[in-house]
Amino acid sequence: MITFDAVTKRFPDGTVAVDDLTLEAPTGEITVLVGPSGCGKTTSLRMINRMIDASEGKILLDGVPVQSIAPPTLRRGIGYVIQQAGLFPHRKIVDNIATVPYLLGWDRKRARGRAMELLERVGLDAALAGRYPFQLSGGQQQRVGVARALAADPPVLLMDEPFSAVDPVVRTTLQEELLRLQSELNKTIVFVTHDIDEAIKLGDKVAVLRVGGRLAQLAAPKTLLSEPSDDFVREFLGHDRGIRRLQFVSTEGLRLRTDLTVRQGGEGGSSEEPWLLVVDEQGGPVGWIAGARPGELEPFGTFLYGRDSMRSALDAALLSPSGCSVAVDDEGKVVGVATREALDEALAEAADG
Ligand SMILES: Nc1ncnc2c1ncn2[C@@H]1O[C@H](COP(=O)(O)OP(=O)(O)OP(=O)(O)O)[C@@H](O)[C@H]1O
């Protein structure tokens, strides 16, 4: 666990970058620091590995003040990932990843072996090992940056806007990869971003900072969206807070109808229902047919029942003229149909809770 205990940073010119910050970043969780430019996110992060020293207060790593640990020792247990990866341009990818193992005195073979293992772990092809950073895309370089930070298997990972230099599509993939990695590795991660959507997606806890380096709110993403502590946090969260909150509402209890499906080839029968879902032999959805136009298949949207959020279920409904969303299982088989009425009930419940 990383603990900030009344930490203040005052630079020599008098700028107070961080003001009386108290927060905990629990072991094995992702804590995100988010806030507008200049609110002290980077300064806070760098005080953890002592690239910057606090002026007042204490930062504790599992109860031990970081100020009492020599920086090289401290940093051995802390991986650090920065924007644009910060790779060494004249070193091959494999040697970039092996940087810390080399510093720790590992022999070349072991260090490179570890680097190759990590290359695979972050989803990169082994063939990239012999390239130089300029021969990689921005997204690939960022993955190498993560691999390098993980090389000595540090329990703590500090990430400073690691994905902000890549395009939105690559960024989404990298975010998902980080969550996948974290589910395997359980590192204690402190992640800095100015992007509230990224914070909400990645954070187990999100700390919203305001300019002047003061903590505005520390909460789980769901709580942040439903109970922002003040106008500053509310504004920072943006306007579609209600919709975004639905991503934390489970589809587990969503009422499904199982009487609205019909086998492909057997759709000729008469039905009172305005819409029926055609499913193939394997039980997968094929399309909707309207009672009025039995010959035409209309598009459908699916969500993974119990796993995807209400936001996905609603999105799936909006993709279809039927207004219903199709609940599927892990294998893509139809479990049932959430009608407008069922979605409406679930939305009403979400609004209450
Ligand atoms: N060495 C320094 N000397 C004086 N002031 C500094 C120094 N480093 C940072 N600052 C100031 O401290 C404040 C916080 O800076 P910091 O880089 O921590 O903010 P940030 O939230 O990470 O910003 P951004 O999102 O723009 O990167 C800013 O006002 C900045 O100008």
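What share of the 353 residues in the protein is buried?

1. Buried residues account for 39% of the 353, where buried is taken as 20 or more other C-beta atoms within 10 Å of a residue's own C-beta, placed from the backbone. The model is predicted, so local features need pLDDT of at least 70 and side-chain atom pairs count only at pLDDT 80 or more, whereas totals for chains, interfaces and linings use all residues. Residue numbers start from 1 along each chain as its sequence is written.

2. Overall dimensions: taken along the principal axes, the C-alpha atoms fill a box of roughly 80 × 50 × 30 Å. The secondary structure comprises 13 helices and 17 strands, these being DSSP runs numbered from the N terminus (helices H or I, at least four residues; strands E, at least two).

3. Contacts: among contacts with a separation of 6 or more, 59% are between residues 24 or more positions apart. A contact here requires C-beta atoms, placed from the backbone, to lie within 7 Å.

4. Domains: domain 1 covers 2-248 and domain 2 covers 261-352, with bounds from an automatic or database domain assignment. Their C-alpha centres are 40 Å apart. Across the boundary, four residues of domain 1 are in contact with five residues of domain 2. The domain 1 side of this contact holds three nonpolar residues, one polar and no charged. In this scheme Ala, Val, Leu, Ile, Met, Phe, Trp, Tyr, Cys and Pro are nonpolar, Asp, Glu, Lys and Arg are charged, and the others, Gly among them, are polar.

5. Sheet S15-S16-S17: these three strands form an open sheet, in that order, with mixed pairing; two strands pair if DSSP finds at least two bridges between them. Strand S15 (302-304) and strand S17 (334-338) are the edge strands, each pairing on one side only. Neighbouring strands are turned by 30° against each other on average, direction ignored; the axes are lines fitted to C-alpha atoms, and angles run from 0 to 180 degrees between N-to-C directions.

6. S16 and S17: strand S16 (residues 325-328) runs antiparallel to S17 and is joined to S17 by four bridges. Val328 stands opposite Val334 in S17.

Definitions and conventions: Two residues are in contact if their C-beta atoms, placed from the backbone, lie within 7 Å. A residue is buried if 20 or more other C-beta atoms lie within 10 Å of its own, exposed if 12 or fewer, and partly exposed in between; C-beta atoms are placed from the backbone.
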